[in-house]
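Me: Hi! Could you walk me through this structure in plain words?

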Amino acid sequence: MPEKEHSKVIELNEDLIANNDKLAEQNKNNLRELKVKSVDFVGAIGAGKTAIIENIVKEISKEYKVLVINGDAATRVDADRIEKHGVKAIQINTGRECALNSYHISQVIKNHDLKGVDLLFIENVGNLICPSDFILGADKRVVVVSITEGPWVIRKHPMLFKSSDVAVINKIDLKDVMDVDIEEMINDGKKINPNLKIITTSALTGENIPQLITEIMK
Ligand SMILES: Nc1nc2c(ncn2[C@@H]2O[C@H](COP(=O)(O)OP(=O)(O)OP(=O)(O)O)[C@@H](O)[C@H]2O)c(=O)[nH]1
Ligand SMILES: [Mg+2]
């Protein structure tokens, strides 16, 4: 690509990210005004984001009013899984876009009645790269990976781990069949972000889900 065109592409990308950041700040302020606590779940395809959110809502939805936004390229599968637990879910299909952005969240704030909602859980599109450029304005970001993605999944994707508050290493029920050193994965996360709270879970057995809930509710 000629140098001039190349720098135009970089400018365009920088504008896109700056505009996204501005709108994310507005989302954060609007949600705080509405007294809605918000958590953005990011992570690899199939790592267990929906399964973890299902476990959490099963535990807390009697006490708290929860709304879930499910980002997905094409289907309503995840929103339907959440709604089975009696919790309202809004599916956003992003098509060729590989992450939710702050505009999607601003539209939910604008078009839905969030009065009385205590917690907003946002499941981002399965992807360990794109969401690092697009913050949404949530209070917390939780990154979910699983041991079936290989022992190097954390060190290969440092950006998301740098910008997250909590990391979940899921599917630990499979540790006997996977040749993965979970302690090493935890060390990778700590090296990338010493402030990261790391929790190993199984969404299948429910192991350590209470610890995750405590962390999210802080
Ligand atoms: N054994 C085991 N399977 C799990 C666990 N968590 C999720 N799964 C399974 O892994 C598959 C993917 O889980 P999902 O919850 O759909 O993962 P996701 O991250 O939401 O996936 P996308 O939305 O497609 O990115 C499903 O078949 C789940 O039942 C776990 O802790 N242990
Ligand atoms: Mg999902």
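Reply: Happy to, and here is a short tour, one topic at a time.

Me: What should I know before we start?
Reply: This is a predicted model, where local features need pLDDT of at least 70, side-chain atom pairs count only at pLDDT 80 or more, and totals for chains, interfaces and linings use all residues. Residues are numbered from 1 along each chain as its sequence is written, while chains are lettered from A and ligands numbered from 1 in the order in which they are written.

Me: What does V57 touch?
Reply: Not counting residues up to four places away in sequence, V57 touches V66, I82, H85 and V87. Two residues are in contact if their C-beta atoms, placed from the backbone, lie within 7 Å. V57 and V87 are 30 residues apart along the chain, and their C-alpha atoms are separated by 7.5 Å.

Me: How many residues are in the largest nonpolar core?
Reply: There are 53, and V68, F121 and I122 touch the most other members. Helix α2 turns up again, giving the most to this core with 5 residues. A nonpolar core is a set of buried Ala, Val, Leu, Ile, Met, Phe, Trp, Tyr and Cys residues joined through C-beta atoms within 7 Å.

Me: What is V68 in contact with?
Reply: Leaving aside its neighbours within four places in sequence, V68 is in contact with I53, I82, V87, A89, F121 and E123.

Me: New topic: strands. Why is β6 called largely enclosed?
Reply: Because 4 of the 5 residues of β6 are buried, the rest of the structure largely encloses this strand.

Me: Which strands does β6 pair with?
Reply: Strand β5, residues 140-146, runs parallel to β6 and is joined to it by 5 bridges. β6 also pairs with β7 in the parallel sense, over 4 bridges. Two strands pair if DSSP finds at least two bridges between them. As examples, V142 stands opposite V166 in β6, and A167 has I198 in β7 as its bridge partner.

Me: Which residues of β7 are on its covered face?
Reply: I198 and T200 are on the covered face, and K197 and I199 are on the uncovered one. In a regular strand the side chains alternate between the two faces of the sheet.

Me: How about α7? Which residues there are buried?
Reply: In helix α7, residues 182-192, the buried ones are M185, D188 and G189. Seen down the axis of α7, they fall within an arc of 95°, so they line one face of the helix. That arc is the one made by the directions from the helix axis to the C-beta atoms. Their cover includes α5 (153-156), α6 (158-162), β6 (166-170) and β7 (197-200).

Me: Last one, loops. What can you say about K171?
Reply: K171 is in the loop between β6 and α7. Its phi is near 70°, a positive value in a residue other than glycine. With 24 C-beta neighbours inside 10 Å, K171 counts as buried.

Me: And V177, buried or exposed?
Reply: V177 is in the loop between β6 and α7 as well, and it is exposed, with 9 other C-beta atoms within 10 Å.

Definitions and conventions:
Buried ≥ 20, exposed ≤ 12 C-beta atoms within 10 Å, placed from the backbone. Helix = DSSP H or I, 4+ residues; strand = E, 2+ residues; numbered from the N terminus.
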